[in-house]
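Thanks for making the time this morning; I would like to go through one structure with you, starting with the overall fold and then moving to a few individual residues. Please have a look at it first.

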Amino acid sequence: MTKSAVAIAIALASLIGLSSCANTANGLAKDGREAGNALDASTHRVLKAGAN
């Protein structure tokens with residue numbers, strides 16, 4: 001292999017790795033928002049039950 005072919009292979013492998021990290025970060029952010037919404041909803045239910 002020539003040096004340019006090796007450089008291209010390394011660049012492609014890096015791009016694949018970075019794209020998978022971005023998907024993971026987006027998934028974690030989405031899970032965090034959903035957990036926050038669930039906690040907010042449960043807090044409202046508890047406060048509503050205590051108000052009676």
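In this predicted model, the secondary structure of the protein chain amounts to 1 helix and 0 strands. The radius of gyration is 23 Å, whereas the globule rule gives 10 Å for 52 residues, and because the value for this chain lies well over that, the chain is more spread out than a compact globule. The box that the C-alpha atoms fill, taken along the principal axes, is roughly 75 × 10 × 5 Å.

How much of the chain, then, counts as buried? Of its 52 residues, 0% fall into that class. The accessible surface of the chain is about 4500 Å² in total, and carbon and sulfur atoms account for 68% of that area.

K30, which sits in helix α1, is 18 residues from L12 in sequence, and their C-alpha atoms are 27 Å apart. D40 also has its place in helix α1, and between D40 and A9 there are 31 residues of sequence separation and a C-alpha to C-alpha distance of 47 Å.

As for accessibility, K30 has a relative value of 47%, which lies between the cut-offs of 20% and 50%, so K30 counts as partly exposed. The value for D40 is 42%, and D40 is therefore partly exposed by that criterion.

Finally, we come to the start of the chain. M1 is placed in the segment before α1, the helix that covers 3–51. Is M1 buried or exposed? Its relative accessibility is 84%, and because exposed means over 50%, M1 counts as exposed. Together with V6 and I10, M1 makes a nonpolar surface patch of about 350 Å².

Methods: Residues numbered from 1 in each chain as written. Predicted model: local features only at pLDDT ≥ 70, side-chain atom pairs only at ≥ 80, totals over all residues. Heavy atoms only, no water. Patch = residues over 30% accessible without salt bridge, like charges linked within 9 Å, V, L, I, M, F, W, Y side chains within 5 Å. Areas by Shrake-Rupley, 256 points an atom, 1.4 Å probe, with all protein chains shown as cover. Salt bridge = Lys/Arg side-chain N within 4 Å of Asp/Glu carboxyl O. Helix = DSSP H or I, 4+ residues; strand = E, 2+ residues; numbered from the N terminus. Buried < 20%, exposed > 50% of the residue type's maximum accessible area, 1.4 Å probe, protein only. Rg over C-alpha atoms; globule rule 2.2 N^0.38 Å.
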